[in-house]
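I opened the notebook to keep track of what I looked up. The entries follow in the order in which I made them.

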Amino acid sequence: MSHVTAADGTRIWYDVLGEGDPLLLFNGQSLDHEMWDGVREALAEEHRVVRMDFRGTGGSDAPLGKPYSLELFVDDALSVLDGAGIGRAHVYGFSMGGKVAQRFAERAPERLGALVLGATAPGGGHEVERSREATLALRQASTPAGRDKIAELFYSPDWAAAHPDTVTRILPRGPLRAQRLHYDASLGHDGWDLLPSIGAPVLVVHGEDDELTPARNAELLAARIPGAKLLVLPGLRHGYLHEGGAGATGGVLDFLAAHPL
C-alpha cells in the first residue's frame, strides 16, 4: 500500500494486487477499500487491481473545509494512476463509485479502457429514486440501529447473518462530516447528458432486487450509453458483488477479457 498527494495536498491511499491489465476500483459512498475484500482477490487473478480510498475515508486524508465533488474524486483517482505508473486502466465503480466512474469517462477518456458500472444510477431528474425508508436507513447507517437496516438493503437476511464481517465492511467509514460530504457529492451528480458520449465499452451490473439503488436505473444506464451491455442478477440486492460471489465477478472478468487494453 502507498499514498499519493493530490494537487491540494490531500494524501490519497491506494494499494495494488496482481498482474495484467490494470483495473481501478471505486468504492461506494463513505466506504473504504475493505468493501472489496474477497472480490479484489478474484479480480486480481486476471488483473493488476488498484484499490483507493476517496478522500474522507479509510487511509486517505479527510479535509473538511470545502465541499467534495465527483470531479474532485476523479482528480484524486488520476493522481493514484500517475503514482502507480499506470497510463490507462479499466474502471469498476460501485454505487457512488459508479457515478465517479461516469465522470472519469467524461473527464479522462484517454486514460480509460473498459468501464463497469455496478449498482449505480444516472443521477439528476432521471434517476429512479429509492424509497423513503431506504433513504432513512442510509442516513442512519452509522448508528447501531442502522446496521441491520443497511444489511437488509445489501443482502438477503440469511446471507447477512452468515457473513457478519462482510456486513461490517459495508458500513460507513470516516468522520461524520466527511460522510455528509460524500452524500452531498453523490446527490449532486447528474450524468444524463454525458452518458451518450461515453465511448468506452461498458458493462452495467445490478442486483434485480436492489432497493437502495432500484434496478430500473441499470436499464436507464444501459439504454443511454451506446453499446452498453446489461447484466441483471436475479434475487440479489445492492451487495450483489458479495452475495453473488463468483457468478457476479465472473461476469465482470468475462467482459473485461473481451476488451483488453
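Entry one, strand β6. I looked up how enclosed β6 is: 7 of its 7 residues are buried, so the rest of the structure largely encloses it. Buried means under 20% relative accessible area, exposed means over 50%, and partly exposed is in between (1.4 Å probe, protein chains only). Strands are DSSP runs of E with at least two residues, helices are runs of H or I with at least four, and both are numbered from the N terminus.

I noted the source as well: this is a predicted model, where local features need pLDDT of at least 70 and side-chain atom pairs count only at pLDDT 80 or more, while totals for chains, interfaces and linings use all residues. Residues are numbered from 1 along each chain as its sequence is written, and side-chain values use heavy atoms, with hydrogens and water left out.

Entry two, the neighbours of β6. Two strands pair if DSSP finds at least two bridges between them. I found 5 bridges between β5 (residues 89–94) and β6, and these strands run parallel. Gly93 has Leu117 in β6 as its bridge partner. From β5 the chain passes through α3 to β6, a right-handed β-α-β crossover. Right-handed means that, with the strands pointing away from the viewer, the path from the first strand over the helix to the second runs clockwise. I also found β7 (residues 202–207), which runs parallel to β6 and is joined to it by 4 bridges. Val116 stands opposite Leu203 in β7.

The rule asks for a side-chain nitrogen of Lys or Arg within 4 Å of a carboxyl oxygen of Asp or Glu. How many salt bridges does this rule give? The count is 17.

I looked up Arg107, which forms a salt bridge with Asp75 at 2.9 Å between the closest N and O atoms. Arg107 lies in helix α3 (residues 96–107) and Asp75 in helix α2, so the pair ties together parts that are 32 residues apart in sequence. Arg107 is partly exposed at 40% relative accessibility, and Asp75 is partly exposed at 33%.

Next I looked up Arg111 and Asp82, whose side chains meet in a salt bridge (2.9 Å, N to O). Arg111 lies in the loop between α3 and β6 (112–118) and Asp82 in helix α2, so this pair ties together parts 29 residues apart in sequence. Arg111 is buried, with a relative accessible area of 15%.
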